[in-house]
Amino acid sequence: MPRQRPPKEVWHENIRPMVFYRDGQRCTRCGEPVTLKTCHIDHKISGKLGSNSIKNLRTLCRVCHTLRADLRHGGMKGNALNQGIIGPGWREQAWE
């Protein structure tokens, strides 16, 4: 995660909707329609090098966010496997 997170209220009431509507209410990776409630707002560049600026954020569906090749997503991958969101061959579908 970027060094400083915005307050939850700012994230949920301002930043999430702004990114979601900018991206056309679709996953920017696969193009599937998503809802504001179910979408994942992802940092293109995460960690200490990333920021919470709008241009560093993108809308993803749960599957695409889970399959992103990011070491910080291990728990998310485990949950998605247990829930049947992704299958055992998920490594072949990982991206970036």
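Q: Quick one before we start: what does "buried" mean here, in terms of relative accessible area?
A: Buried means under 20% relative accessible area, exposed means over 50%, and partly exposed is anything in between. Keep in mind that this is a predicted model.

Q: Thanks! So is aspartate 42 buried or exposed?
A: Aspartate 42 has a relative accessible area of 3%, so it is buried, under the 20% cut-off.

Q: Which residue does the aspartate 42 side chain meet in a salt bridge?
A: Arginine 58 is the partner, with an N to O distance of 3.0 Å. The pair links distant parts of the chain, since aspartate 42 belongs to strand E1 and arginine 58 to strand E2, 16 residues apart.

Q: And arginine 58, is that buried or exposed?
A: Arginine 58 counts as buried, at 11% relative accessibility.

Q: How many salt bridges does the structure hold?
A: There are six. Some of the residues involved are linked in a network: Asp42, Arg58, Arg68, Asp70 and Glu96.

Q: What about the backbone of glutamate 96: is its phi positive or negative?
A: Positive, near 60°, in a residue other than glycine. As background, most residues other than glycine have a negative phi.

Q: Where is glutamine 25, and what is its phi?
A: Glutamine 25 is in the loop between H1 and strand E1. Its phi is near 60°, again a positive value in a residue other than glycine. Glutamine 25 is partly exposed, with 37% relative accessible area.

Q: While we're around there, which residue forms a salt bridge with arginine 22?
A: That would be aspartate 23, and the closest N and O atoms are 2.9 Å apart. Arginine 22 is partly exposed, at 39% relative accessible area, while aspartate 23 counts as buried at 18% relative accessibility.

Q: Switching topic: which residues touch the most other members of the largest nonpolar core?
A: Ile41, Leu57 and Cys64 do, in a core of 17 residues. Helix H1, strand E2 and helix H2 each supply at least two residues of this core.

Q: Which element gives the most to it?
A: Helix H1, with four residues.

Q: What is Cys64 in contact with, leaving aside neighbours within four places in sequence?
A: Cysteine 64 is in contact with Cys27, Arg29, Cys30 and Trp95.

Q: Last one: which side chain does asparagine 52 join in a polar contact?
A: The side chain of histidine 43, at 2.7 Å. Asparagine 52 lies in the loop between E1 and E2.

Q: Is asparagine 52 buried or exposed there?
A: Asparagine 52 has a relative accessible area of 17%, so it counts as buried under the 20% cut-off.

Key: Residues numbered from 1 in each chain as written. Predicted model: local features only at pLDDT ≥ 70, side-chain atom pairs only at ≥ 80, totals over all residues. Heavy atoms only, no water. Core = buried A, V, L, I, M, F, W, Y, C linked by side-chain atoms within 4.5 Å. Buried < 20%, exposed > 50% of the residue type's maximum accessible area, 1.4 Å probe, protein only. Contact = heavy atoms within 4.5 Å. Polar contact = N/O pair within 3.5 Å; in protein donor to acceptor, adjacent residues only side chain to side chain. Salt bridge = Lys/Arg side-chain N within 4 Å of Asp/Glu carboxyl O.
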